[in-house]
Amino acid sequence: MEIKDIEYEPLLPIEFTRPLETIDICIASIEPKKTNDILKILTSKLSLNDMNIGHLKRIKKSEKHDKLLDVIINVSTDTTKTETELKEIFKNNNINEDAIKDFRLCKASKHPAYTKSQFSEWKNVWPMIFKDHDSQHNLKLSDEDIQNIKKWCSVALKKAEEDKQKNPDNKYNNCTVIVNPTSQEALAIETDNRIKANHPLKHSVMECIKTISDIHNGKDHINIETGDSINKKRKLNEEIDSSQPYLCSNYDLFTIKEPCIMCCMALVHSRIGRVFYIEKNDRDGGLESIHQIHIQPELNHHFQVFKITLK
Amino acid sequence: MENKIENKAINITEKNDISSSNNNSNEEESNETIEKFMREALIQAQDAYDACEVPVGCVFVLNNEIIGKGRNRTNETKNGTRHAELEAIDMILKKYSPEVLKECTLYVTVEPCIMCAAALRLMQVKKVYFGCHNERFGGCGSIYHLHNEDYGENRSYEIECGYLREEAIMMLRKFYIRENKNAPVPKKKSNRVLKTEII
Ligand SMILES: [Zn+2]
Ligand SMILES: [Zn+2]
């Protein structure tokens, strides 16, 4: 089963996909000469981070007032009150209140930009700072990744097809492969065994996790491709025991069907690195259908997910 | 090794007392019965504690009789998915067909995690009693409400929590204090103080 080409779609948190949303900020115009004094007060009394707008730049060149700078004061919409309060603070710090004028509202992006395209659009509303979040969430896969996805998806499809020949009535037909991305070695290739084992929890993902824990525990591992019995413990120990406290840290997982909620949480517990799947699971899928467990903010481990379309 | 990093794996909530998601069960267990089986679950949790595992334990009860027991074995098996509930289910399925779970009530010391809460739905268990909430991973109220969410086939189950809650919490606290003491990099001092008052 050769896969000619694929398309992929990263399943990203809302931060990466949301459109521009604006908030009102209160700004005023200041003399460039007084910038340092004024900024000192503003940063200590009205820090942008405390107001949840740390992604905005404090100052920009004023378009309205020639030779002046526009500066963010706060996120209150009551500009009169803000002006009175700030001028009071200025007085106590011996800054002439004429140094600041024209308190008014202005729009700015409510959220930090996570992608470059968000940034290039949103910064036009009010200048922003861009922190690169892409290192953790690669939006683009390398050519090598694409080749590997094709290879391991076809391994999973082939194995599932073989299983289908043997068990034509198995409506849960599926196969999962867990791969060490560095060595490109398959550590587990398992089908869905719910029917075979008469056990409703023996999904292919759970079976793969079990296989890998067996390898860690030094049990012989049967190479599914060749039928050989191999013991990978020593090899695994070298790379895992010292540096990786969790079972599947950094591993790639390839599967045909979107894993169910139970399996997705099992992957959180195992600290999987990346998950690639082909078909949506409307019934109880945990990555796009029912929940998005890989990016659930309250969980302590997140993983990358790519939905793969075969061409 | 897992627990040192996973330090506050199970946070303890101060949610209060006995609460029920649903009380239209026709054969309500008496408080005495519930406590009796929760004690059995706590014995399992203690067993986990003694083996340096996160102290969570459970029993499955069919017609007033325990047919399966389990406790956390994630360190021993090097498999982060070997939670008490899955251990007990595997034990039951060695003897019974999966359908038996539909008639079973689960007593577990801590709210099932998302994985186990989903597994209980797949097994179609009848009812779940648990001691304390699991703020970090809980799938029956804390992070998700898998027991009564509308998805898949309609297989929601009833939950009731708060039974022997203090004991369940104390065991977890004791465990994390011990883990912190053994951790190479000590955490903040406040984590080491055993809080004896339970709100
Ligand atoms: Zn599953
Ligand atoms: Zn669990």
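## Basis

This is a predicted model, in which local features need pLDDT of at least 70, side-chain atom pairs count only at pLDDT 80 or more, and totals for chains, interfaces and linings use all residues. Residues are numbered from 1 along each chain as its sequence is written, chains are lettered from A and ligands numbered from 1 in the order in which they are written, and side-chain values use heavy atoms, without hydrogens and water.

A:C260 is buried at 5% relative accessibility, and A:C263 is buried at 2%. Buried means under 20% relative accessible area, exposed over 50%, and partly exposed in between (1.4 Å probe, protein chains only).

## Sheet in chain A

Six strands of chain A form an open sheet of mixed pairing, in the order β1-β12-β11-β10-β6-β7. At the edges, β1 (6-10) and β7 (185-191) each have a single partner strand, so one side of each lacks a neighbour in the sheet. Strands are DSSP runs (E, at least two residues), as are helices (H or I, at least four), numbered from the N terminus; two strands pair if DSSP finds at least two bridges between them.

Strands β11 (residues 274-279) and β12 (residues 304-310) of chain A run parallel and are joined by four bridges. A:R274 has A:Q304 as its bridge partner in β12(A).

## Residue B:T105

B:T105 lies in strand β4 (residues 105-110) of chain B and is buried at 4% relative accessibility. Beyond its neighbours within four places in sequence, B:T105 has contacts (heavy atoms within 4.5 Å) that include B:E29, B:F60 and B:Y129.
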